[in-house]
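Here are my notes on this one, point by point. Have the structure open while you read.

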Amino acid sequence: MTSMNQPFLSAVALEKTFTLHAQGGQTLAVMRGLDLSLARGECLVLAGPSGIGKSTLLKMVNGNYRISGGRLTLHFGSEGQGRDGRTGDGPDGEEHDNGRLELADLPAQAWHVLRRDVIGYVSQFLRVVPRVSARDVVMEPLLARGADEQESRQRAETLLARLNLPERLWSLAPGTFSGGEQQRVNIARGFIAEHPLLLLDEPTASLDAANRDVVVSLIQEAKARGTAMLGIFHDEDVRDRVADRLLPLEGHMGTASEEKL
Ligand SMILES: Nc1ncnc2c1ncn2[C@@H]1O[C@H](COP(=O)(O)OP(=O)(O)OP(=O)(O)O)[C@@H](O)[C@H]1O
């Protein structure tokens with residue numbers, strides 16, 4: 001599943017420059033010349049010191065940040081067919097040239113569909129919506145796809161139980177939960193819909209050892225079903241257990257090469 005000849009996500013000469021409109025239009029170049037190739041069933045971990053651009057890259061793949069240059073491409077035709085048996089179809093059900101979808105300059109509606117069906121993002125912090133229960137927060141990505149409510153609820157509860165979130169909290173809104181409890185709700189929400197591409201921004205940052213182990217298991221199970229993952233993990237133990245390769249971002253700015261683990 002880790003053949004680099006058939007990527008699911010690729011970047012070629014990717015660039016990011018921020019324009020700081022509130023500061024006289026000054027520009028800040030944070031990435032240049034980044035190449036990457038990520039296959040289905042593979043976990044590529046972004047490495048490098050604080051401020052090097054790890055979160056920026058995840059946000060570009062997720063469509064939060066505009067791509068300044070280069071190409072970022074999803075390859076729907078890779079490895080014959082997707083998890084759901086469709087061949088070469090983009091997220092909107094349309095055939096794309098050679099099964100490819102270029103992520104630069106996609107219209108907003110396409111991003112909506114892409115995030116619903118293809119790209120999942122587990123950020124460090126939960127975006128809390130008042131009065132929406134933890135269970136409903138977790139179910140929502142499945143319901144957005146039109147999944148059966150009963151089945152979605154069951155899957156949400158199974159995940160919350162696996163992540164050791166006490167049952168008494170399931171029907172409460174997570175606004176008052178501890179940092180680690182909120183992070184576990186976020187992880188359950190991120191994994192429930194089994195997106196083919198998962199972006200993981202320090203998903204274990206606030207967790208104790210037992211819950212870190214659960215997240216490692218979730219990642220390994222996702223790999224086994226062919227999920228491609230791009231992640232940031234500051235915890236070296238977790239990183240060693242989940243990473244197939246590291247992508248050092250130092251020099252990108254330049255031409256750093258990927259390290260085999
Ligand atoms: N929205 C933004 N506007 C302007 N500059 C930004 C923006 N987002 C990130 N940056 C800048 O881009 C650079 C890379 O930031 P990024 O958050 O990607 O680093 P990181 O490698 O994830 O760091 P850390 O490990 O500390 O989270 C930083 O210099 C940051 O100030």
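1. Start with strand β1 (residues 9-20): nine bridges join β1 to β2, and the two run antiparallel. Strands here are DSSP E runs of at least two residues and helices are H or I runs of at least four, numbered from the N terminus; two strands pair if DSSP finds at least two bridges between them.

2. Before going further, remember that this is a predicted model: local features need pLDDT of at least 70 and side-chain atom pairs count only at pLDDT 80 or more, while totals for chains, interfaces and linings use all residues. Residues are numbered from 1 along each chain as its sequence is written.

3. The β1-β2 pair belongs to an open sheet of four strands, ordered β2-β1-β4-β5, with antiparallel pairing. At its edges sit β2 (26-38) and β5 (100-102), each of which pairs on one side only.

4. Which residues are around the ligand? Phe18, Leu20, Leu28, Val30, Ser50, Gly51, Ile52, Gly53, Lys54, Ser55 and Thr56, where the cut-off is a C-beta atom, placed from the backbone, within 6 Å of the molecule. β1, β2 and α1 (54-61) are the elements that give two or more residues to this shell, and α1 has the largest share, with three residues.

5. Now β3 (residues 43-47), where five of five residues are buried (20 or more other C-beta atoms within 10 Å of the residue's own; exposed is 12 or fewer, partly exposed in between, with C-beta atoms placed from the backbone). Cys43, Val45 and Ala47 point one way and Leu44 and Leu46 the other, all of them buried.

6. β3 also has parallel partners. Three bridges join β3 to β8 (residues 228-232), with Leu44 opposite Leu230. Another four bridges pair β3 with β9 (residues 245-248), and there Leu46 stands opposite Leu247.

7. Last, α6 (residues 209-224). At 1.5 Å a residue, its 16 residues should span 22 Å, and the end C-alpha atoms are 23 Å apart, which agrees; the expected span is 1.5 Å times one less than the number of residues. Buried in α6 are Asn211, Val215, Leu218, Ile219, Ala222 and Lys223. Seen down the axis of α6, these buried residues fall within an arc of 140 degrees, so they line one face of the helix (the arc is that of the directions from the helix axis to the C-beta atoms). On the other side, the exposed residues include Ser217, Gln220 and Glu221.
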